[in-house]
Amino acid sequence: MRTTSAAVPTVAVVGRPNVGKSTLVNRILGRREAVVEDQPGVTRDRVAYDGEWSGHAFTLLDTGGWDPQGEGLGGAISDIAASAAAAADVVILVVDATRGATEIDAEVSRLLQRSGARVVLAANKVDNSRAESDAAALWSLGLGEPHPVSALHGRGSGDLLDAVVAALPESVPAADDDAPRRVAIVGRPNVGKSSLLNRLAGEQLALVDPAAGTTRDPVDSLIQIDSTTWQFVDTAGLRRKVRQASGTEYFASLRTASALAAAEVALVVLDASQPIVEQDVRVVEAVLEAGRAMVLVANKWDLMDDERRGLLAREWERDLSRVSWAPRVNISAASGRGVGRLAPAMQSALEQWDRRIPTAELNDFVGSVVAATPPPVRGGRQPKIRYVTQPGTAPPRFVIFASRPLEAAYRRFLERRLREQFGFAGTPIDLSVRTRRADRT
């Protein structure tokens with residue numbers, strides 16, 4: 001059952017490396033949450049926090065330095081920042097006013113303008129009135145009024161947040177029991193995503209061509225299967241890294257990431273007739289990062305022979321063991337074979353995605369597991385698990401309150417036991433640990 005409360009809008013803080021993004025995040029939150037050091041590259045992943053201003057709640061995303069021309073690790077960090085900007089309702093672009101607009105700032109500005117994002121320009125490091133002329137020079141970026149702010153000292157932060165709140169959409173679509181569930185069809189290029197969409201719709205909604213990369217824009221389609229209406233989004237093939245795309249392909253990759261962020265369940269399409277490759281694994285990881293329910297779709301099953309089936313079974317076990325909980329449906333989008341099994345698989349995955357376990361039942365079960373298999377000793381002392389709660393769903397999120405941190409292997413063990421007891425087929429599980437010092441005796 002989905003909740004009927006309004007969805008919380010998202011605000012992404014982006015900018016080139018070392019302009020003070022994490023410091024600004026801490027200033028907005030009113031507490032020190034984001035790690036800050038006087039060197040670029042400290043923030044790498046996209047990190048979400050709960051923010052609020054003037055009665056408006058929002059999710060605040062802190063990101064790593066965005067350099068569209070970055071390579072290696074820097075390129076990977078830039079990909080995450082770009083994806084966060086694509087998925088956000090409002091983007092705060094942070095620029096170091098004392099240095100002026102650099103070429104990287106200008107390129108990021110152009111990317112944001114082309115994407116149609118709502119952007120608030122933060123001219124950071126304006127620590128006094130004499131430096132406000134530096135902020136005025138940033139009109140040249142073409143993003144409207146620069147808002148002078150000192151993230152370190154708090155100067156101008158209120159005015160900046162007023163601008164952010166004004167830019168938020170008037171209403172964010174709320175989850176509704178009568179609204180169609182949103183399905184993203186994702187996969188690397190040329191695995192048959194558009195063919196599958198057309199098969200489900202019974203007509204040609206998306207262009208199909210043997211050449212990879214035919215689909216550039218996500219295609220939204222309301223499709224009724226039996227008596228249920230679904231909202232499908234066919235997307236461009238997810239590349240290994242966003243930065244490997246250029247021009248229209250670059251924006252197609254960002255829009256695909258945004259479509260995945262807006263979806264509830266993802267159909268991950270793989271070409272069963274070909275070996276599983278790194279791009280396939282990265283698509284799966286993108287769905288996991290987004291926290292979406294998942295159904296694995298082995299397409300082109302009609303092209304399989306007995307030898308290939310044996311090889312595929314070993315590839316699934318070796319390369320996709322991390323999502324062994326995801327249901328798999330073997331289909332042929334070309335002939336329609338097996339396509340009828342997709343809707344029940346999606347519905348089942350979503351039911352598990354929305355599932356909540358009663359607190360008493362959850363603690364009774366975890367208590368019995370811990371009694372039979374206690375956590376391993378750390379630093380000469382054994383962690384004590386005091387309490388377990390499930391604060392949220394979509395996906396199911398569990399918090400373990402313990403006296404000391406738990407080993408990663410033991411957390412994976414607890415996740416496996418939760419799945420064995422309660423199912424959760426088709427959904428990731430978010431399992432975190434909060435520690436308290438054991439009472440001293």
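Start by selecting aspartate 105 and arginine 16: both are buried, meaning under 20% relative accessible area, where exposed is over 50% and partly exposed is in between (1.4 Å probe, protein chains only). A quick word on what you're looking at: this is a predicted model, where local features need pLDDT of at least 70 and side-chain atom pairs count only at pLDDT 80 or more, while totals for chains, interfaces and linings use all residues. Residues are numbered from 1 along each chain as its sequence is written, and side-chain values use heavy atoms, leaving out hydrogens and water.

Back to the pair. Aspartate 105 and arginine 16 form a salt bridge at 3.3 Å, N to O (a side-chain nitrogen of Lys or Arg within 4 Å of a carboxyl oxygen of Asp or Glu). Aspartate 105 sits in helix 3 (residues 103-115) and arginine 16 in the loop between strand 1 (10-14) and helix 1 (21-29), so the contact ties together parts 89 residues apart in sequence. Helices (H or I, at least four residues) and strands (E, at least two) are DSSP runs, numbered from the N terminus.

Next, pick aspartate 280 and arginine 188, whose closest N and O atoms are 2.8 Å apart in another salt bridge. This pair links helix 8 (residues 278-290) to the loop between strand 7 (181-186) and helix 6 (193-201), 92 residues apart. Both residues, aspartate 280 and arginine 188, are buried.

Now try arginine 318 and aspartate 319, a salt bridge at 2.9 Å between the closest N and O atoms. Arginine 318 is exposed at 56% relative accessibility, while aspartate 319 is partly exposed at 26%.
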